[in-house]
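Please look over the sequence and the structure shown here before reading the conversation below.

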Protein chains: 2
Amino acid sequence: MNGAQALMKTLADAGVTVCFSNPGTSEMHFVAALDHEPRMRAVLALFEGVATGAADGYARMAGKPAATLLHLGCGLGNGLANLHNARKGRVPVLNIVGEHATHHVKYDAQLQSDIETVARNVSTWVRTSASTGELCRDAAQAVAAAVGPPGQVATLILPADVSWSEGGVPAALPPPVPPALADDAVIEGIAQAIRSGEKAALLLGGRALLEPGLLAASRIAARTGVRLFAEVFPTRIERGAGLPHVERLAYLAELASVQLHGLKHLILVDAKSPVSFFAYPGKASDLVPEGCRVHALATSAQDAVGGLQRLAAGLGADDAEPVLQAPLRPGRPRGKLTAEKVCKAVGHVLPEGVIIVDEAQTSGVMLPHFTRGAPRHDVITLTGGAIGQGLPNAVGAAVACPERPVLALVGDGSAMYTIQSLWTMAREGLNVTTVILNNKSYAILNVELQRVGAAGNGAGAGPKARAQLDLADPGLDFVQMGASMGVHSVRAATTEAMVDALAHALATPGPHLIEAVVPNAFSGLKLRLLPHILGSLSGLPQPLARIIKRKVAP
Amino acid sequence: MNGAQALMKTLADAGVTVCFSNPGTSEMHFVAALDHEPRMRAVLALFEGVATGAADGYARMAGKPAATLLHLGCGLGNGLANLHNARKGRVPVLNIVGEHATHHVKYDAQLQSDIETVARNVSTWVRTSASTGELCRDAAQAVAAAVGPPGQVATLILPADVSWSEGGVPAALPPPVPPALADDAVIEGIAQAIRSGEKAALLLGGRALLEPGLLAASRIAARTGVRLFAEVFPTRIERGAGLPHVERLAYLAELASVQLHGLKHLILVDAKSPVSFFAYPGKASDLVPEGCRVHALATSAQDAVGGLQRLAAGLGADDAEPVLQAPLRPGRPRGKLTAEKVCKAVGHVLPEGVIIVDEAQTSGVMLPHFTRGAPRHDVITLTGGAIGQGLPNAVGAAVACPERPVLALVGDGSAMYTIQSLWTMAREGLNVTTVILNNKSYAILNVELQRVGAAGNGAGAGPKARAQLDLADPGLDFVQMGASMGVHSVRAATTEAMVDALAHALATPGPHLIEAVVPNAFSGLKLRLLPHILGSLSGLPQPLARIIKRKVAP
């Protein structure tokens, strides 16, 4: 048994049965070994960012890692942005990165580069396997490291000769490490803080946003009046009718500050203390209000759900009734198509059990609002801020959950980073509906140009700067784009067409693409007023701030 | 003047007047500063690999660096593969990578990652500018480092607050460092080796493949009988009628060994000693024949052309007549369209002064043969082996040389890594003709699967392995793909259509795409026999080996 064959068996034994791949010469023995392991499914991508983003999306839904197969340092580099998103979302991913044969490295051939340094950007577990005999033990440790807790990106570098030599010995996973328990004293301290009656909120992240965590948190809220927030970009959140509704913190720091205003206790549950996504001149990065104490109920290495349940027990809330979202759908949208109406159409037609992948940026701000009472669904978001995540995540989610429809809502700018995903959707016949909200712009950068003060004092940005945010010349034709890669594609230029196309696509298995032609969600007067509105938000009376927040925040 | 404005002036003063960009929020002040510097042209890319590959192609033709503008570690990651190609080609590139404001880094916001580690994969010069006051001095040093010699990728990391703060002070470049002279004693030693009459060859790389170096080398060859080779993947080679013809070393190690067979002296002129591209079980990586001495006339930090000229003088060859290639065109190809006939069509119609970007892989093996006597042209190749280089390189070459047609020959698999390049071609109205040789396969991997012995002993690869190399299901429609990004696109399914489309495109300004539908260059019997032919090549009588080489080697 050569190294590659033993590795393949080790992975399959460990439950790693999907490999998102873009191989080259140094990975050919791994590729050949696919035919020796019927449990392993290999899903080919035309670009490595598709493979890594698919592994991310797969693990979010499957709850276990997939492997990627990447070609040396350059292949890893191409996959880095979506591995970054996985890292920030604490998602388990196992990279298998081919390397030159051990004796070939010293010749510094064309593709030679330092793979380990690149890997360290996203992986704390990085190892170049030194021999065929050690390979499977290394692989088992890599899988265990990826699984965590917390989940992480583990990178196993596989020299070609380690792969092709005989003497591979399949290895078993080390025994799983249960997550550490949250500390009793910490939980009691948090219970006391909540009992004090001071304004408090739970900030839920990671696994706490799945049903068991949501229910425990909702019981606590129902009994004590504590508020519930979800982190800005959840790795995966279960929501919709029949589940507790949790409001996400807003992307815009100014709005998040309104949400957090007046808190005396912010209790982190597998979530980071909230900070501004970017820095802005003269504005604070730390969003925790002054005088607010931050408590960590559970870190990402600890059992967050168990911690919530124990907190509920400590507060006598374990028999409280959680507040469940009632079924609620928006009416059928009509009139001129806008991004808001695309979101409304989603809420109007969404069937049960859909996995929504949200990378719609400015076009998606109303999505949480319109889907709040839709049939139960999952939402996957842009955890690391590296755009180009949505389409690959949709590939992975569809591979993980073939029985569930996947709906990817993606901005035109974001879509183009990893547009090759469409081909893999077609090749694998994946049940993904891709909606590309084409506003012919990096619209969010129009907002950010204003927010960072780069647009000048009222004068606005100059023509060269504005051209850097503009995708209208030439406009991208996503119907031809989708068709070029074998995906059934239509354009929706009216609201009626959008609703019909969406309902059809979600009801018809296989990949679909809908190009929704929409104006910028923030343009004209709205864009010019934005800095003033945002700038003065903290000073507004709370009811008014809440109204604005409801209109704008995700 | 803020940091970004001072930086922009520093760059323009240093001759860096093109920036290939894909900005985000942290780069907005740099973007705004574009309107303060009329000398700076910003070329937007939809994906960072396009921006970095364009900067590479630009510098190869302009002989000076362009800047890239990339968004944090993830943007740099997306651009890494083409920066690798630039690094291996010793091409000057200046990366400007935005970073969070210095005071924001500690909050580990979503996009935070360790940019410097990623940069070190491709850059020996990496610096995070610490203050607005120091920024321009850092930038000037970065440009100087990029220019070299040797050319390199320099990465300047630009925190947002360093960019937006007032107090920027434009800086001038340090005085240029002339390349070190090749050593007199070394040149004399080489002259003696050549005079010995033992079989010797010059291996030319880097700047030695432009006209002055080629002429000096050809004079030496004419006078002494020394053979001339070019490195496998030249950064840029000038060739065609009226220039000395230099044979490139073959990609396939087995063929390169035939080319180098019997040499006693291999003289490196800004070239690396030849090694196999990949390692293969049981085969040597080092391609220098036993008993052959390797001499370095000039390293990449030294004046290679001056070294050649001094060697010519030492050998009394400076008045020798260089052997110039006579004009020679293949006839018009006819019959069923094949990759070979696409190459023949190029040779048949090529106008004067074209820049050929060759990433055609297996489909391009006959290109050097058929263009040998075509009107004078340049060829740019895949220096680092990281595919996805061709289309971005074409973007950059066209920006550098607006008066010259660019012809990019790219395989279907390669094209898909950076297909977003087509949009930038359309947006900028670049004079690029893209020919995508669509054989519906990672055809080179079929060859490599055989060569590394992964296909089994005669049994061939299994269906899962073969599927990993297959791009036929679904087939990619590059006509729709090109049209979706605004590029005039046609399909050539016959040889007649191919010749006509190519002639039309090269004569008509603006971007064009021709999808050439071709069979695998290596398939069926040819593929099955390849390992046997290659394996036994070294044992063949030389004339037979030469015939095979002429048919197969680039």
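The following questions and answers consider a predicted model.

Visitor: In what order do the strands of the six-stranded open sheet of chain A stand?
Guide: This sheet of chain A has parallel pairing. Its neighbouring strands are turned by 20° against each other on average, direction ignored. Read across the sheet, the order is β2-β1-β3-β4-β6-β5.

Visitor: Which strands of chain A stand at the edges of that sheet?
Guide: An edge strand here has a single partner strand, so one side of it is left without a neighbour in the sheet. The two strands of chain A in this position are β2 (41-44) and β5 (123-128).

Visitor: Which residue of β4(A) is the bridge partner of Ala67(A)?
Guide: Strand β3 of chain A covers residues 67-71, and strand β4 of chain A covers residues 93-99. These strands pair in the parallel sense over five bridges. In β4(A), the partner of Ala67(A) is Leu94(A).

Visitor: Are helices α3(A) and α4(A) roughly parallel or roughly antiparallel?
Guide: Helix α3 (residues 48-62) and helix α4 (residues 72-88) of chain A have axes 7 Å apart and pack at an angle of about 30°. Angles under 35 degrees count as roughly parallel. The angle therefore makes α3(A) and α4(A) roughly parallel.

Visitor: How many charged residues has the contact of α3(A) with α4(A)?
Guide: On the side of α3(A), the residues include Glu48(A), Asp56(A) and Arg60(A), while those of α4(A) include Asn78(A) and Leu83(A). By class, the contact has two nonpolar and eight polar residues, and the charged ones number three.

Visitor: Which residue of β12(A) is the bridge partner of Leu268(A)?
Guide: A five-stranded open sheet of chain A has the order β10-β8-β7-β11-β12. Within this sheet, β11 (residues 265-269) and β12 of chain A pair in the parallel sense over five bridges. The partner of Leu268(A) in β12(A) is Ala296(A).

Visitor: At what angle to β12(A) does helix α11 of chain A run?
Guide: Helix α11 (residues 304-314) lies across β7 (200-204), β11 and β12 of chain A. It runs to β12(A) at about 110°.

Technical notes. Residues are numbered from 1 along each chain as its sequence is written. Chains are lettered from A and ligands numbered from 1 in the order in which they are written. This is a predicted model: local features need pLDDT of at least 70, side-chain atom pairs count only at pLDDT 80 or more; totals for chains, interfaces and linings use all residues. Side-chain values use heavy atoms; hydrogens and water are left out. Axes are lines fitted to C-alpha atoms, for helices over the stretch in contact, and angles run from 0 to 180 degrees between N-to-C directions. Helices (H or I, at least four residues) and strands (E, at least two) are DSSP runs, numbered from the N terminus. Angles under 35 degrees count as roughly parallel, over 145 as roughly antiparallel, 65 to 115 as roughly perpendicular and the rest as oblique. Contact means heavy atoms within 4.5 Å. Ala, Val, Leu, Ile, Met, Phe, Trp, Tyr, Cys and Pro count as nonpolar, Asp, Glu, Lys and Arg as charged, and the others, Gly among them, as polar. Two strands pair if DSSP finds at least two bridges between them.
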